[in-house]
Amino acid sequence: MTKTPGGRRFMNLSVKRGMLLITYAVVLYLVLSHIGTVTGAISTLLTVLKPVLLGILMAYILNLLLRPMETCWLRKVWERFPKAGKHRRGICIVFSILIVLAILTTLSTFILPQVGESIANLANAVPGYINNAAKELSGLEERLDMDNIAIRYLWEAGEKLLAESADIITKIASNMVPWALGVLATLTSGLLNAAVGLVFAIYILADKEHLASIFDRLLHALFRDSVRERIVYITNKADRAFGGFITGQLTEAVILGALCFTGLTIIGFFVDGMPYAFLISVLVGFCNIIPILGAYLSAIPSTLLILLISPVKALIFVIFLVVVQQFEGNVIYPKVVGSSIGIGGLWVLLALTVGGKLFGLPGMVLGIPAFAVIYSLVREFTENRIQMIRASKDAAAKEAGSQSAEPSAAQAPKK
């Protein structure tokens, strides 16, 4: 029996797929059996490529400023000065770097020293706050009916909470300075990598269209058109999600921090000053980068900090923060961040948990847009599959109806 060309091609394709599956299985076994060596090799490779990866990250962040600056913000300048328009890419790269450097300089010159001073003052003042709180409690104890079981229970719980709060705040305040020094040492040691990464970022931004063309040609060479288009679609979707989320969250954090500082300063005129208004505002703005959990991460230590000084002011702060968070969630967040996340609160908490366990604070922040992209792709796949199943069922129903109609037409009596 002679084999047809179609049969030979089918057999060759089956053999190739089988060999490919066996190769994948062997490689997977070798990787799992030498996982320590593989992890060490990956760690070494990441260390060597750290300047390149840092440059890619810098280029992505700078491109968030470069893209609108080049196409929108300075468009009238390019139209009015055509000679400058010929060099718009270089001009926008310089402006983007200067804007980022100005922001970092502002943080290091104005905000960080004040935060450090507030932390140092807090560390020195915590023992006095504890003594004052103890005196207030001792005076209050004499006026209460301590024989009452409920009052006694609440009193002991309040004393325990005060002691634990004081210990927590003391530990945080005492550990913040060494932590800040460690961060400063790490930043200093990574200064060379940052400088090399900035050079890589400049080259990437200056030649990003050519690099995109190389990437597109590589996809053309490796994948068929349907797979290539899918990869490009996923890449663009991830770029929009990450870019919109990072820009929106940073903008919202700055707005919320400034709003909190302004509100606490105004309230301070009526209650003889709100303690540590600047430190608390920075904490609120920074923690707000993390959706949902950020409000609680900033509210708990801030309230405990004010509670040691004045319970009344702590209550006022809680009310103020609730109002600000409601205003942020209903007005600021929809306008600034918009629908860049596109997932519900349950999925945000899941992304925060998984991302935080895997990569710490960066994972908590960047895990949300990553999960949003995955969620969107899974939803699109599910909807497409449901439509295909419905279409196949409708086609089968129509075919069955046409087949049942044919015998009825054949059995009809002739006139």
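**Cysteines and helix contacts**

Guide: A disulfide is a covalent bond between the sulfur atoms of two cysteines. Counting pairs of cysteine sulfur atoms within 2.5 Å, the number of disulfides here comes to zero. This is a predicted model, in which local features need pLDDT of at least 70 and side-chain atom pairs count only at pLDDT 80 or more, while totals for chains, interfaces and linings use all residues. Residues are numbered from 1 along each chain as its sequence is written, and side-chain values use heavy atoms, with hydrogens and water left out.

Visitor: Is Cys92 buried or exposed?

Guide: Buried means under 20% relative accessible area, exposed over 50% and partly exposed in between, with a 1.4 Å probe and protein chains only. Cys92 is buried at 0%, and Cys260 is buried with a relative accessible area of 0%.

Visitor: At what angle do helix α11 and helix α12 cross?

Guide: Helices are DSSP runs (H or I, at least four residues) numbered from the N terminus, and axes are lines fitted to C-alpha atoms over the stretch in contact, with angles from 0 to 180 degrees between N-to-C directions. The axes of α11 (residues 277-287) and α12 (residues 293-307) cross at roughly 165° and come within 8 Å. That makes α11 roughly antiparallel to α12, the term for angles over 145 degrees.

Visitor: Which residues of α11 and α12 make the contact?

Guide: With contact meaning heavy atoms within 4.5 Å, α11 contributes Leu279, Ile280, Leu283, Val284 and Cys287, whereas the residues from α12 include Gly294, Leu297, Pro301 and Leu305.

Note on methods. Helices (H or I, at least four residues) and strands (E, at least two) are DSSP runs, numbered from the N terminus. Angles under 35 degrees count as roughly parallel, over 145 as roughly antiparallel, 65 to 115 as roughly perpendicular and the rest as oblique.
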